[in-house]
Amino acid sequence: MRVKIVDLTLRDGHQSLLATRMRTRDMLPILETFDNAGIYCLEVWGGATFDSAHRFLNENPWERLKKIRETVKNTQISMLLRGQNIVGYRHYSDDVVEKFVEKTAEYGLDIFRIFDALNDVRNLLTAIKTAKRCGAHVQGTICYTISPVHTIERYVEIAREFAELEVDSICVKDMAGLLSPKVSYELVKALKKEIGLPIDVHSHYTSGMASMALLKGVEAGAEMVDTCMSPLSMGTSHPPTESIAYALNEMGYNTGVDLDILIEVRNYFMKIREKYSGYINPISTIPDTSVLVYQIPGGMFSNLIAQLKEQNALDRLSEVLKEVPRVREDLGYVPLVTPTSQIVGVQAVLNVLTGERYKVVPKETKDLVRGMYGRTPAPIREEIIRLILGDERPIECRPADLIEPEFEKRRRELEELGIDANDENVLIYALFPQTGLKFLQGEIQEEAFPSSVASVEGKFEVEVDGSKYKVDVRPI
Ligand code: CO
């Protein structure tokens, strides 16, 4: 049986360990060799790379994609698309989603991995339909988390919704490293039996279980596994490509990967790791097993501590840790990943510090209850809706139904500013009106390489109730 290796070094790998800062010029020299290593697919684009490239590196993300496609000829290339959020942090209008997917397909991208953090398939409809229309391979993605409502049956239901949309494969995306080997086996087994589509297992090493989750997933019938080249593996990243390929080959699963060629790729990325070492937070390189006990990801944990410190209330930490699961339950068991981990965390802190639950409610919590992020995994109880929204009712429709078309409006705005309003530029501006415009006006400079991680921290920020919180959990 063939098991295909999907290598994520050039997207998730550096997003997980190097704050998404790898420059295109540091990717290109190894691509030709990498392309000949028998890897099935290289994930090279999307996620936070579009934001990071233009904001911090003064790089045009479209140029990166073009250059990569020019060099990678034998291997599929893929991206991570956040459904209606595209590669940004809010919902965009359908015409922007359509244009983005069409343009990306035009640039030669093969596989679109499309997800929504709440697993609300309505938030994926436009992206999936457009990518299918463009003839691309669409991977419907299930975000894995743990809660009483996140059962195997529920995941199978979500996969069935994907199958009805004629996706080409299913990805089990374990962004917080919570997927145990046992559950991985049971989940993949159920998906294979009930749905039958090819399965790809994506598991972060955060809690130290990812290699086991991948292997058990393969034993249950998964055809694809996600890995990163060893120099950018482990920690909050993924199992090492070489080790997984070796183990699978030995067990009789043919990966088609040439380990001799990968040695050369490894040597190259060792130098890259060295060069980018200032971006590496040592904490994210070792397993965070507390997540297995508290169900709170390490990054969220340190965010909570930072918030409490700011309020001189570190002594309330144990109360806050008890409050987090209660808030999560109140808010429909949202997964604890960006941005919902910040929303749950800030609300838990406020509930404890004000001494009255939901006395102070930030706009982001209200929007979540209003349905502006989509349907929560479990319905929110009526009493909580009343407490947070008063007489206002949550929306029933798909959030993007409320968004006016934006693309042509953004194009006109660029024209008025005298900036070349080609589709690529309009998309940069439509997705990131502030930093995108600065980039297009030539006002961004490539940041210097940091001497230590301290000078990188806090650059990815999430705004909640007017306060900015740094995102330790790398945006997915
Ligand atoms: Co990931």
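Trainee: What should I keep in mind about the numbering and the model?

Mentor: Residues are numbered from 1 along each chain as its sequence is written, and side-chain values use heavy atoms, with hydrogens and water left out. In this predicted model local features need pLDDT of at least 70 and side-chain atom pairs count only at pLDDT 80 or more, whereas totals for chains, interfaces and linings use all residues.

Trainee: Into which domains is the protein chain divided?

Mentor: Domain 1 covers 4-279 and domain 2 covers 406-440, with bounds that come from an automatic or database domain assignment. Their centres, taken over C-alpha atoms, are separated by 28 Å. To the contact (heavy atoms within 4.5 Å) domain 1 brings 22 residues and domain 2 brings 16 residues.

Trainee: What area is buried between domain 1 and domain 2?

Mentor: About 1,700 Å² is buried, with carbon and sulfur atoms giving 67%; buried area is the accessible area (1.4 Å probe) that two parts lose on being put together, summed over both. In domain 1, the residues that lose the most area to domain 2 are His54, Val96 and Lys99, together 31% of what that side buries.

Trainee: Why is the pair Arg90 and Glu406 called a salt bridge?

Mentor: The definition asks for a side-chain nitrogen of Lys or Arg within 4 Å of a carboxyl oxygen of Asp or Glu; the closest N and O atoms of Arg90 and Glu406 are 2.9 Å apart, so the pair qualifies. Across the interface of domain 1 and domain 2 the rule finds four salt bridges.
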